[in-house]
Amino acid sequence: PHASRLATASTASPASPAPSASSASSAKATAATPCAVGVVGLGVMGSQLARNLAESLDEPVAGLDSDAAKAVAASEAAASESLDVRGVIDAAAFILSLATPRVVLLLVPAGKPVDATIERLSALLDRGDVVVDCGNEWFEETERRQRELAPRGIVFMGCGTSGGERGARHGPCLMVGGAAAGWERLRPVLEAIAARVLPGPR
């Protein structure tokens, strides 16, 4: 199995020098770097998948959750592995942090929570953005959402995800369905994090 990267958090002593102007500027630049992918829902699966994305893509990942404690916990868990997951509770800030065209992965319960999340985000999204339901939703619901979002130019995809908490972190089994254009945008992201059949990089 793929080994996660672990980092030991260092504790600054009272005698530690103050950060230099150059290090402060570097920190600001890092915070301003667009996130490669956004994950909505930072529970057990969402938090683990966000860390997988940050590690596998070697880029910052944005996270959104209505529960501030989960957003903070996801960021802190990632930081403990020297990974950059930026958990927030504000949908507008989340969307603005993403590189365009955006890729947003939904890790929320099937049914009404998915519709509520789409309603919350769709007004903030642009044509060409891709939204992926990574829950195990009934396919007819996915097709309905595709039809509803198509006039706005938002590509909606379904992606069954299995493997549990460990799979989400180290390589889930992913079953993707939707438009070819959406798949081409998603392919490098999902292939980077997915489980592999041996022999292979995972």
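Begin with helices H5 and H6: H5 passes H6 in a right-handed crossing (a crossing is right-handed if the near helix is turned clockwise from the far one by less than a right angle, and left-handed if anticlockwise). Helices (H or I, at least four residues) and strands (E, at least two) are DSSP runs, numbered from the N terminus.

The structure on display is a predicted model, in which local features need pLDDT of at least 70 and side-chain atom pairs count only at pLDDT 80 or more, while totals for chains, interfaces and linings use all residues. Residues are numbered from 1 along each chain as its sequence is written, and side-chain values use heavy atoms, with hydrogens and water left out.

Select residues 139-149 for H6, whose axis comes within 12 Å of that of H5 and crosses it at roughly 15°. Axes are lines fitted to C-alpha atoms, for helices over the stretch in contact, and angles run from 0 to 180 degrees between N-to-C directions. The crossing angle makes H5 roughly parallel to H6 (under 35 degrees; over 145 is roughly antiparallel, 65 to 115 roughly perpendicular and the rest oblique). Next, show the side chains at this contact (heavy atoms within 4.5 Å): Val114, Asp115, Ile118 and Ser122 of H5 meet Arg144, Arg145 and Leu149 of H6. By class, this contact has 3 nonpolar, 1 polar and 3 charged residues. Ala, Val, Leu, Ile, Met, Phe, Trp, Tyr, Cys and Pro count as nonpolar, Asp, Glu, Lys and Arg as charged, and the others, Gly among them, as polar.

Now display the whole sheet, an open one of 7 strands in the order S3-S2-S1-S4-S5-S6-S7, with mixed pairing; two strands pair if DSSP finds at least two bridges between them. At its edges are S3 (85-88) and S7 (173-177), each pairing on one side only. From one strand to the next, the twist averages 25°. Within the sheet, S1 (residues 37-40) and S2 (residues 61-64) pair in the parallel sense over 4 bridges. Glycine 38 has alanine 62 in S2 as its bridge partner.

Move to H2 (44-57) and H8 (residues 180-193), whose axes come within 9 Å and cross at roughly 105°. These helices are therefore roughly perpendicular to each other. Their contact involves Leu49, Asn52, Leu53, Ser56 and Leu57 of H2 and Pro188, Val189, Ala192 and Ile193 of H8. It has 7 nonpolar, 2 polar and no charged residues.

Two backbone details follow. Aspartate 58, in the loop between H2 and S2, has a positive phi near 55°. Proline 101, in the loop between H4 (91-96) and S4, is joined to threonine 100 by a cis peptide bond with omega of about -10°.

Finally, color by pLDDT, the predictor's confidence in each residue, from 0 to 100. The chain mean is 85, and 83% of residues reach 70 or more. Over residues 1-30, pLDDT stays under 50.
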